[in-house]
Amino acid sequence: MRLLRAELDKLRRPLTWAVAGAAIVFCVLLAAGGAHNALGSPAGAATVAGQLSPVAAGAEAAGLLASLPGALAIALLAGGHLGGEWSGRTMKNLLTQHGRRWAVLAAQLASLWLAGVALLAACWLALAAAGPVLSRLEHLPAAHQPLSQAVPLALSQLGRALLVLAMFAAIGLLSATLTRNTIGTMASTAGIFVAMLLAASWPGLGRWSPATWVQSWMRFPAGLSSVTFLPTNFWSRFISASGGAPGQLAGLAGLLGLLAVCLAVTVRLFSRADVSG
């Protein structure tokens, strides 16, 4: 726990606050745009009003953070937090103090994942506060979704997003171990996420790509059906809707397998890494 606490303390840096602020502003501006654009459609206005209720905002935040905005935020944090450890040549000191390499990796992974969870919570709180205000300003109809439906939906999406954020963090940790510098970690992590989305559009491969596993696990609408007045994600719009996606269990199995592979490769590389410099 002391090592994890130390890693979390390192995240208290300007980059973290900048990423958190940017994520909050993005979510609120997206909600404002969705509320305004839905005015011409009574059905759309009712849907957006439901999405902006304080409880349902949790599902909205989960979808955004478990898609491209969250992936890019994790890439930036991974570069500053994990890649910066290598660029600053402090990895040797860290291992001298704590010794066990697997413990260092575990603390770094957990701290990056917790940072993603904190971003998710911050975006939910921002949407929960801004949603009712935006609905009133744009004269949207009152949300009619009962709590008995809104609470299970929000909790389900939030729970599913935790696994996706863990996968994002594992890819960031692997990139940091491979590139061993700040910019390289940011670029390679973001590049992997973009490559995942590109691979999902390849004929015959899309069904088995990590991007499709995320879509299936998060229950994102397929293809352009995800393009709504207030998007619930920025992920499945980049994936072709043809061919059919695997089920939720297949998506879960794929994400767990990818997480295990990333961690196994990272541990292998880190165990042989020269940190004397």
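The points below go through a predicted model, from its fold to single residues.

1. Basis. Residue numbers start from 1 along each chain as its sequence is written, and side-chain values use heavy atoms, with hydrogens and water left out. As the model is predicted, local features need pLDDT of at least 70 and side-chain atom pairs count only at pLDDT 80 or more, while totals for chains, interfaces and linings use all residues.

2. Secondary structure. The protein has eleven helices and zero strands. From the N terminus on, its elements run α-α-α-α-α-α-α-α-α-α-α. Helices (H or I, at least four residues) and strands (E, at least two) are DSSP runs, numbered from the N terminus.

3. Overall dimensions. The radius of gyration is 20 Å, close to the 19 Å that the globule rule gives for 277 residues, so the protein is as compact as a globular protein of that length. That radius is taken over C-alpha atoms, and the globule rule is 2.2 Å times the number of residues to the power 0.38. The C-alpha trace spans about 65 × 40 × 30 Å along the principal axes of the protein.

4. Burial and surface. Of the 277 residues, 49% count as buried (under 20% relative accessible area; exposed is over 50%, partly exposed in between; 1.4 Å probe, protein chains only). The protein exposes about 12,500 Å², and carbon and sulfur atoms supply 70% of that area. Accessible areas come from the Shrake-Rupley method with a 1.4 Å probe.

5. Contacts. Among contacts (heavy atoms within 4.5 Å) between residues at least 6 apart in sequence, 81% join residues at least 24 apart.

6. Charge. There are 17 positive and 6 negative side chains, and the centres of the two sets lie 8 Å apart. Lys and Arg count as positive and Asp and Glu as negative; His and the chain ends are not counted. The place of a charge is NZ of Lys, CZ of Arg, CG of Asp or CD of Glu.

7. A190. This residue lies in helix α9 (residues 182-199). A190 counts as buried, at 18% relative accessibility. Residues up to four places away in sequence aside, A190 touches L72 and A75. A190 and R219 are 29 residues apart in sequence and 23 Å apart in space, C-alpha to C-alpha.

8. Cysteines. A search of the whole structure finds zero disulfides (pairs of cysteine sulfur atoms within 2.5 Å). C123 is in no disulfide; its nearest cysteine sulfur, that of C27, is 3.6 Å away. C123 is buried, with a relative accessible area of 0%. C262 also counts as buried, at 6% relative accessibility.
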